[in-house]
Amino acid sequence: MDPVTDSATTAVPASLKVAGLAFAYPDGHQALFGVDFRVERGERVALLGPNGAGKTTLVLHLNGILTPGAGTVTVAGLPVGARNMAEIRRRVGIVFQDPDDQLFMPTVREDVAFGPAAAGLRGAELEARVERALALVGMAGSGNRPPHHLSFGQRRRVAVATVLAMEPEILVLDEPSSNLDPASRRELADILRSLDVTVLMVTHDLPYALELCPRSLILSDGVIAADGPTAGLLGDGELMRAHRLELPFGFDPRTVAPRP
Amino acid sequence: MGAGHAHRLHRPGTSRVHTLPPHTKLAAVLAFVVVVVSTPREAMWAFGLYAVLLAAVAGVARVPPGFLLRRLLIEVPFVAFAVLMPFVAQGPRTEVLGLSLSVSGLWGAWNVLAKGTLGVAASVLLAATTPLRDLLLGLQRLRLPSLLVQIATFMIRYGDLITDEMRRMRIARASRGFEARGVRHWGVLAASAGALFIRSYERGERVHLAMVSRGYTGSLPVIDEVTASRAQWSRALALPVAALAVCLLGWTL
């Protein structure tokens with residue numbers, strides 16, 4: 001294992017540390033121009049940004065699907081690189097936007113078991129892991145159902161379970177609230193709040209970010225344009241306009257009571 | 001949605017045939033078919049005995065004859081081919097009901113019909129007593145190349161999804177007043193098929209991304225270990241062993 005470089009300053013290494021990350025696609029389009037930020041363990045952070053800001057590109061760097069042109073990504077002290085790939089993919093749980101892409105096995109149980117089984121877990125231990133993950137998202141007892149018989153909200157929750165089953169260091173959610181009806185949206189929010197895990201949430205849904213994440217980052221034109229308390233960023237009209245971020249009609253972050 | 005779409009062949013149950021591990025049933029059916037195919041076609045009584053054996057299995061599995069016979073209809077195109085053989089084959093001819101038929105053609109037709117029907121009946125019984133998912137686990141256990149098992153697994157998972165997408169595209173076409181009438185509209189249908197292909201292909205890429213993110217490195221991990229006891233193996237292999245005895249009799253008599 002590599003020595004943990006920043007353990008001198010904090011007892012626990014940051015869940016995620018991105019330093020000087022730059023990336024250009026093979027066709028020459030440069031998506032990221034030096035991204036720097038860190039997420040401490042247990043934090044819930046929203047990554048906001050207009051379409052085409054490079055959010056998805058950034059997410060695909062977090063578990064080594066894309067290899068940075070320059071800069072580094074470190075997950076709980078472990079640098080993302082070809083040598084640690086299996087461990088990195090276990091530590092970084094990405095929940096993709098379309099649950100039908102995420103759930104590819106014939107039954108819910110097998111899908112949730114896929115990650116831990118790929119990591120070598122078998123038998124009773126695997127079974128326990130699957131049951132715990134399904135219970136965390138309120139889907140215990142649905143193990144033997146095929147994913148296409150579930151509602152969209154249930155599929156999204158199972159998609160979260162497939163990642164939780166790997167006991168990740170950080171949960172990365174790509175547009176978690178998209179296509180959810182208000183009730184499923186609230187259920188998912190309750191689940192995310194109840195989890196004891198670091199969360200990075202990529203979203204356009206600004207009220208959802210305010211509801212769930214005390215801190216937000218704004219990614220714009222391939223750099224981190226702002227980093228601060230979510231309520232403060234959403235309340236800064238000029239900053240918001242500069243980065244093509246708009247609040248829904250009638251929504252005023254200053255009048256939203258903070259959650260106890 | 002396409003509920004039950006993948007299970008039209010399967011008939012859930014708890015009989016002694018249903019509860020056998022899938023790979024023992026697969027091996028038994030394969031062995032049975034090989035034995036049937038290697039039986040000399042002149043031993044007509046042997047094929048009757050094979051049919052009795054299958055009927056016994058269907059009885060134990062409580063698969064009603066009507067269910068079995070209806071699913072045998074899949075064989076019809078091959079039957080049509082077999083029926084043609086006595087008319088077109090060469091060689092010495094014989095008179096049947098005033099028609100001049102080829103003797104070798106008649107034997108050939110009988111051969112195709114008898115062996116084909118027995119093979120299809122055995123497969124229908126297998127499908128009726130084994131869920132699709134278990135069949136795949138059985139194939140995986142029998143060391144079928146992992147890539148083939150994966151492809152079949154994804155077909156189960158995404159078949160309904162693609163049918164659904166196709167249905168939405170048809171509704172979208174119809175909503176804009178499109179009705180396929182004749183050759184002039186084939187272009188539109190071809191474009192739809194192309195769009196469906198591109199969408200499925202892109203979905204494939206996204207699914208692969210999701211799999212790699214959860215540690216996929218080229219093979220599906222074994223999640224459900226299927227095992228069979230010696231008793232289960234001998235129960236499953238009773239069918240091909242009995243068939244083998246009949247076959248050997250057929251060769252010696």
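Me: Which domains does the domain assignment of chain B give?

Reply: Domain bounds come from an automatic or database domain assignment. For chain B there are domain 1 (22-139 + 226-252) and domain 2 (145-213). This is a predicted model, where local features need pLDDT of at least 70 and side-chain atom pairs count only at pLDDT 80 or more, while totals for chains, interfaces and linings use all residues. Residues are numbered from 1 along each chain as its sequence is written, chains are lettered from A in the order in which they are written, and side-chain values use heavy atoms, without hydrogens and water.

Me: How many residues of domain 1 of chain B are in contact with domain 2 of chain B?

Reply: Contact means heavy atoms within 4.5 Å. Four residues of domain 1 of chain B meet four residues of domain 2 of chain B in this way.

Me: What area is buried between domain 1 and domain 2 of chain B?

Reply: Buried area is the accessible area (1.4 Å probe) that two parts lose on being put together, summed over both. Here that comes to about 320 Å², with 86% from carbon and sulfur atoms. On the domain 1 side, B:L132, B:R133 and B:L136 lose the most area to domain 2 of chain B, together 89% of what that side buries.

Me: How many salt bridges does the rule find across this interface of chain B?

Reply: A salt bridge is a side-chain nitrogen of Lys or Arg within 4 Å of a carboxyl oxygen of Asp or Glu. Between domain 1 and domain 2 of chain B, the rule finds zero.
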